[in-house]
Amino acid sequence: MRHEAAGVVQELAPGLRGMLAPNPGPMTHWGTNTFLIGDRELAIIDPGPDNPQHLAALLSAVDGAEVSHIIVTHAHLDHSPLAPRLAQLTGAPVLAFGDATAGQRPVMKMLVAEGLAGGGEGVDMHFSPDQAVSDGYRIDGNGWHLDVLHTPGHFAGHIALRWDDIVLTGDHVMDWSSSLVSPPDGNLSDFMATSRKLRLLEDTIFYPAHGGPISDPADRLDWLIKHREARETAILTALTNKPQNVPTLTRTVYTDLPEAMLPAAERNVFAHLIDLTERGMVSADPQLGLHAGYRLAR
């Protein structure tokens with residue numbers, strides 16, 4: 001999508017429109033991209049934040065058509081909170097992988113039990129869909145259908161939606177930034193597996209939930225995979241000298257990051273450390289956690 005003003009409908013392809021929500025920021029870029037698929041019967045993807053201005057713009061774009069589905073890629077506060085109000089007004093069911101904790105791996109559940117809270121974009125803990133969908137599920141509408149791809153990594157219950165040769169990628173692949181992977185909501189092992197899964201698709205274009213379209217998905221996914229592999233190498237190199245905690249490692253690895261972005265970077269580093277610990281390459285002292293010390297495994 002182009003950087004248009006919030007609330008302006010953009011024609012992206014026959015049967016596909018987009019609209020920018022008024023929630024710009026360091027984590028959302030220009031704001032959340034809400035997508036509308038179909039003509040007589042519509043699916044609305046990622047309604048966005050519970051914002052009256054955005055709701056009014058969406059209802060204007062619907063313009064009397066039937067809304068048959070409201071689909072949420074994941075339960076972050078910039079994607080899902082408007083869904084219940086939109087469902088109430090249109091009568092359409094809300095579809096998603098599950099609630100805010102659906103699909104969470106045991107290691108993340110353990111960290112939550114020990115007090116780790118989410119970080120970064122904020123989780124919509126009140127979100128619960130009317131219908132849960134899983135990988136491979138087909139959503140049918142009048143003149144269109146969407147194939148659900150379970151794409152965990154940025155969020156355990158994250159999904160992407162494939163429509164012909166177009167994929168709506170949510171927050172997994174973006175053109176302006178590497179996606180945040182923030183435990184316990186994000187999982188780096190899943191992120192890498194999902195990136196490789198998407199790399200096998202032969203699709204023409206990706207439309208992310210933030211930023212512009214990705215016209216060469218394979219190239220962007222190759223970059224994302226190499227970027228994470230390089231970050232892993234940098235962390236392992238830093239740990240060859242001495243054990244370090246997450247804040248120290250973050251400042252060693254992210255040498256030119258603005259101070260305001262360091263908390264998000266710490267979550268990314270912690271995601272790598274969880275992955276490396278589970279693979280037996282790094283050990284935590286006294287135990288795996290955001291405030292532990294880390295050393296290379298012996």
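At the start of helix α4 in this predicted model, a side-chain oxygen of Asn-187 comes to within 2.9 Å of the backbone nitrogen of Ser-189.

**Helix α4**
- The helix covers residues 188-199, and its 12 residues should span 16 Å at 1.5 Å a residue; the end C-alpha atoms are 16 Å apart, which agrees.
- Buried residues in α4 are Leu-188, Asp-190, Phe-191, Met-192, Thr-194, Ser-195 and Leu-198.
- The cover over these buried residues includes β9 (144-150), α5 (217-239) and α7 (262-278).

- In soluble globular proteins, nonpolar side chains tend to be buried together.
- The largest nonpolar core has 24 residues, of which Leu-36, Ile-70, Val-94 and Phe-127 touch the most other members.
- At least two residues of this core come from each of β4 (41-45), α1 (52-62), β5 (66-71), α2 (83-90) and β6 (94-96).
- Helix α1 provides the largest share of this core, with five residues.
- A separate core holds 23 residues, including Leu-116, Leu-236, Leu-273 and Leu-288.
- Leaving aside residues up to four places away in sequence, Phe-127 has contacts that include Val-72, Ala-83, Val-94 and Asp-99.

**Ala-57**
- Ala-57 is located in helix α1.
- Because its relative accessibility is 16%, Ala-57 counts as buried.
- Beyond residues up to four places away in sequence, Ala-57 touches Gly-7 and Met-19.
- Ala-57 and Gly-7 are 50 residues apart along the chain, yet their C-alpha atoms are separated by 5.4 Å.

Technical notes. Residues numbered from 1 in each chain as written. Predicted model: local features only at pLDDT ≥ 70, side-chain atom pairs only at ≥ 80, totals over all residues. Heavy atoms only, no water. Helix = DSSP H or I, 4+ residues; strand = E, 2+ residues; numbered from the N terminus. Expected span 1.5 Å × (residues − 1). Buried < 20%, exposed > 50% of the residue type's maximum accessible area, 1.4 Å probe, protein only. Contact = heavy atoms within 4.5 Å. Polar contact = N/O pair within 3.5 Å; in protein donor to acceptor, adjacent residues only side chain to side chain. Core = buried A, V, L, I, M, F, W, Y, C linked by side-chain atoms within 4.5 Å.
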